[in-house]
Amino acid sequence: MPAMPRTGTPKEEILAALDAYRARDVRWREGGVFAHVYDAGREVEEVAREAYVRYLTSNGLDPTAFPSLRRLEVEVVAMAAAHLGGDGRTAGSFTSGGTESILLAVKAARDGALRARPELRGARLEIVAPVTAHAAFHKAAHYLGLDLVTTEVDPRTFTADPGAMRAAITPRTVLLVGSAPSWPHGAIDPIPELGRIALEAGVRLHVDACVGGFLLPYFRRLGATVPEFDLRVPGVTSISMDLHKYAFVPKGASVILHRDRALRRPQLFGCARWPGYIVVNPTVQSSKSGGPVAAAWAVMRFLGDEGYLELARRTLEGARRLRRGIEGIPGLRILGEPAFAVLAAASERASVFHVVDEMKARGWELQAQLAFGASPANIHFIVTPGNAHRVDAMTADLATVVAAAPARGAAVENVARGAATADLLATRGAGPIDDAELGRLLALVGASGGRIPERLAEVQELLDALPPELRGELVTAFFDELYMPGDGDAP
Ligand SMILES: *Cc1c(COP(=O)(O)O)cnc(C)c1O
């Protein structure tokens, strides 16, 4: 294991080493990446960089020491609130990302309900969400000790089924969830209907607008059909919107907005029961850099409404071309009715996992999604201003690759036949995966010792054949190995 070097290293050498480390990272600047990166160009990046660096060593822990960080946060939250139908009563927080915003929505709902309904104390509280809600809600339920009750979605549109959600509400329910849009299919849930159900049941409704919230209002202004989803909808009590996605600011930036301050109040944590300073944390982090909020503030002001409208126009146009392009590829089919710049395409014939690998070999980065419920295995795309101009070139390659791809399941049959995976799957009981099983499964797909295989199709086919709980177990165990020093780290 490399220890701390005894002597220091010159700055130039350090930076050169960092560049060498980065050599294998995904190359997104050319526009070939349809996942992970939301790029609005060099100029925006430069503004973000300079703002971030000014706040590199600031600390948002204490607003009396760094009053400017409070001001930046309040101004960013106000811009976000105005954008999403908020008014003078809207109260929010700047957070590190969608997951944190969601965690806080759940905490506020939990602690708000416990305060208002003391009879719930000691009970296992529940969240009702469509299966398409982001995994962050599972994480929040897990961290905060609630149960997440998921409901089926419309098998054709992949939007939430309001009747199923209403039926899932119990006296222990504290929160309903809808997405605008959902990550897996880019589908917008019927928020007004969910709002009516929430009001009727007297529970909160959180709208997860993490991915689409920022650009959807612009899409509407550009003539796209965008159903109501924001704070204007009666019954919506909170909404999350990532700035580090379609507001094109550096990672570590999201907002959570509540309809009013009383709803936000239980989101805050305060503690004076120790000999140190009084801790008051509106969000999960305590000491925190002002870099992300400064960069977000700077980019939002730099682009302004007109700048974002133009970026939205490029994104919408790219998304429309992507849709037409995919519709023109025999063997691919778009899932549901994507209402934003995020969409998923499945194939009746080809292994989408092979398609993703083959596209990567050609310089295109796409994300595969495993089959889940009514949603078949598929390829997930996000269109941004940084890749919109490459959509046609990408879909041209996609057509070639899909036409030549092996059939679905071909790889998993090889794996299963060769090494008794099917056997293992058929005979194992429920419960956590043990080391021996894990070793066999990882070896089977060439992922032993925390090594990431070059081609992922076989791994994905295997995961696709596993029940979801086991998928999570296996990949989590893999990460546990991955985050240990390995052979790949040698210079
Ligand atoms: C990205 C995303 C999240 C999670 O956000 P992170 O910033 O990755 O923590 C939650 N919900 C939706 C709909 C998202 O797209």
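Modeller: What follows begins with that strand and moves on to pairing, loops and charged contacts.

The model is predicted, so local features need pLDDT of at least 70 and side-chain atom pairs pLDDT 80 or more, while totals for chains, interfaces and linings use all residues. Numbering starts from 1 along each chain as its sequence is written, and side-chain values use heavy atoms, without hydrogens or water.

Strand 6 covers residues 238-242. Strands and helices are DSSP runs numbered from the N terminus (E, at least two residues, for a strand; H or I, at least four, for a helix). How many residues of strand 6 are buried? The count is 5 of the 5, so strand 6 is largely enclosed by the rest of the structure. Buried means under 20% relative accessible area, exposed means over 50%, and partly exposed lies in between (1.4 Å probe, protein chains only). One side of strand 6 carries Ser-238, Ser-240 and Asp-242. Ile-239 and Met-241 point the other way. All of these side positions are buried.

Strand 6 pairs with strand 5 (residues 204-208). The sense is parallel, over 3 bridges. Two strands count as paired if DSSP finds at least two bridges between them. In this pairing, Asp-208 stands opposite Ser-240 of strand 6. Leu-222 is partly exposed, at 28% relative accessibility. Its C-alpha is 25 Å from that of Ala-345, a residue 123 positions away along the chain.

Asp-242 forms a salt bridge with Lys-245, at 3.0 Å from N to O. A salt bridge here is a side-chain nitrogen of Lys or Arg within 4 Å of a carboxyl oxygen of Asp or Glu. Side chains of opposite charge can pair when their charged atoms come close. Which partners are buried? Asp-242 is, at 2% relative accessibility. Lys-245 also counts as buried, at 15%.

By that rule the structure has 25 salt bridges. Another one links Asp-392 and Arg-321, at 3.3 Å, N to O. Asp-392 belongs to helix 12 (residues 391-404) and Arg-321 to helix 10 (residues 291-327), so this pair ties together parts 71 residues apart in sequence. Asp-392 is partly exposed at 44%, whereas Arg-321 is buried at 17%. Helix 10 also holds a pair of its own. There, Glu-327 meets Arg-323 at 3.6 Å, N to O. The two are 4 residues apart, so about one helical turn separates them. Glu-327 is exposed, with 53% relative accessible area. Arg-323 is partly exposed, at 29%. Elsewhere, salt bridges with shared partners join Arg-29, Glu-45, Glu-46 and Arg-49 into one network.

Compare strand 1 (residues 91-95). Its 5 residues out of 5 are buried, so it too is largely enclosed by the rest of the structure. Ala-91, Ser-93 and Thr-95 cover one side, and Gly-92 and Phe-94 the other. Strand 1 runs antiparallel to strand 7 (residues 254-258), joined by 5 bridges. Leu-257 of strand 7 is the bridge partner of Gly-92.

Last, the backbone details. Ala-180 and Pro-181 are joined by a cis peptide bond, with omega about -10°. Pro-181 sits in the loop between strand 4 (173-179) and helix 7 (191-201). Two residues other than glycine have positive phi: His-36 near 75°, and Phe-158 near 60°. His-36 lies in the loop between helix 1 and helix 2 (42-54) and is partly exposed at 42%. Phe-158 lies in the loop between strand 3 (147-151) and helix 6 (162-168). Phe-158 is buried, at 4%.
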